[in-house]
Amino acid sequence: LKSPQTSSSTRMRRRSLLWSLWDGKQRCMLEGNAPVFTLQVFKEQLELSRRKMKDEKPEVYVLVKEVLLKEDAQPSFSPAKFQLQGIQVDVQVEITGTNMQLVQELGMETAMKLMDKVGVSASTKQRSSELNGKMPTGNSPKVAGCTSLIEPKERKEEGPEKVASGAGGWEKGEEAKVFDVTAVFTMTKELGEDDVSVHARDLETVVHGHKQVIQSDSLRKHIEGALAKRAAEIVAQQAKDRGYRVPNSK
């Protein structure tokens, strides 16, 4: 006769095995229940979607202009669970706010590149450097207790500080800065999850015919968020149209 301890251990192993088999069968059923989705259709539904990513100033909009598929990309996938890697995207970013808000949102280095791209005047760029804490040079007056030449209370005129074809000053004039960005992203959806996660990298823009690398976490997150939210909408709509549902694992 088997000892009670051995019998108990055997029952536990059997129970664990049965649970694993059931769980695997359920996953196969869930994935099999979701019809195959072609990558080309998914690409087309991602494109031309425009989304507001930030409500407070500066407002940020992201428009997905084009998704470029690799030649060796898998032609179809299950919308229930997938991972799409190394896909290039061209987006148009629109930021509405003052030049100061642009610097605060994107960081000085990225903001200066984009100001150069949209045609910010030289005097505006000089003020951006002053806002960054640089000391005055030559005979330029210095405000007591401050490393910047700019004293907001005394600055009344706005005329000389023009950006592109718009009007407005460094602090008060709100304008829409529009620029294109390319990036490479990986998009992942786990089984049983409603959300889609996106990781973007290699952000670039073109300034005067030359590619410029963009190092801005906030801009990267805006692009990731726009892609992720649109992808989740597409997957949810597919589930509704084709009559399947993947239960949420939470």
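A salt bridge here is a side-chain nitrogen of Lys or Arg within 4 Å of a carboxyl oxygen of Asp or Glu. I keep that cut-off in mind for the first entries. The model I am reading is predicted.

**Entry 1: salt bridges**

I searched the whole structure and got 15 salt bridges. I then looked at single pairs.

I started with Glu109. Its partner is Lys113, with the closest N and O atoms 3.6 Å apart. That distance counts because the limit is 4 Å. Both residues sit in helix 4, which spans residues 108-118. They are four residues apart, about one turn of the helix. I also checked how open Glu109 is. Its relative accessible area is 51%, so I log Glu109 as exposed.

Next I took Arg230 and Glu233. Their side chains meet in a salt bridge at 3.3 Å, N to O. Where do Arg230 and Glu233 lie? I find them in helix 6, residues 217-242, three residues apart. About one helical turn separates them. Arg230 is partly exposed at 22% relative accessibility. Glu233 is partly exposed too, with a relative accessible area of 35%.

The general point is brief: side chains of opposite charge can pair when their charged atoms come close.

I moved to Asp55 and Lys52. Their side chains form a salt bridge of 3.6 Å, N to O. Buried or exposed: which is Asp55? Asp55 is exposed, and I note a relative accessible area of 58%. Lys52 is partly exposed, at 36%.

This pair belongs to something wider. Salt bridges link Lys52, Asp55, Lys57, Glu59 and Glu174 in a network.

Lys52 stands opposite Tyr61 of strand 3. Four bridges join strand 2 to strand 3, and the two run antiparallel.

I also followed Lys57, a member of the network. A cis peptide bond joins Lys57 to Pro58, with omega at about -5 degrees. I place Pro58 in the loop between strand 2 (50-54) and strand 3 (59-68).

Six strands make an open sheet, ordered 2-3-5-6-7-8, with antiparallel pairing. Which strands stand at the edges? Strand 2 and strand 8 do, each with a single partner strand, so one side of each has no neighbour in the sheet. The twist averages 35 degrees from one strand to the next.

Strand 3 and strand 5 (residues 82-97) are joined by nine bridges and run antiparallel. One of the pairings I looked up sets Glu66 against Asp90 of strand 5.

Strand 5 also pairs with strand 6 (residues 175-189). I count 14 bridges there, again antiparallel. Leu84 stands opposite Met187 in strand 6.

Helix 3 lies across strand 2, strand 3, strand 5 and strand 6. It runs at about 155 degrees to strand 5.

How many residues of helix 3 are buried? Seven of the eight residues in helix 3 (residues 99-106) are buried, so I note the helix as mostly covered; the cut-off for buried is under 20% relative accessible area. The buried residues are Asn99, Met100, Gln101, Leu102, Val103, Glu105 and Leu106.

I then stepped past the end of the helix.

I looked for positive phi in residues other than glycine. Asp202 has a phi of about 55 degrees and is not a glycine. I find Asp202 within strand 7, residues 197-207. Asp202 is partly exposed, with a relative accessible area of 47%.

His208 is another case. Its phi is near 55 degrees, positive in a residue other than glycine. Where does His208 lie? I place His208 in the loop between strand 7 and strand 8 (210-213). His208 is exposed, at 58% relative accessible area.

How values were computed
Residues are numbered from 1 along each chain as its sequence is written. This is a predicted model: local features need pLDDT of at least 70, side-chain atom pairs count only at pLDDT 80 or more; totals for chains, interfaces and linings use all residues. Side-chain values use heavy atoms; hydrogens and water are left out. Buried means under 20% relative accessible area, exposed over 50%, partly exposed in between (1.4 Å probe, protein chains only). Two strands pair if DSSP finds at least two bridges between them. Axes are lines fitted to C-alpha atoms, for helices over the stretch in contact, and angles run from 0 to 180 degrees between N-to-C directions. Contact means heavy atoms within 4.5 Å.
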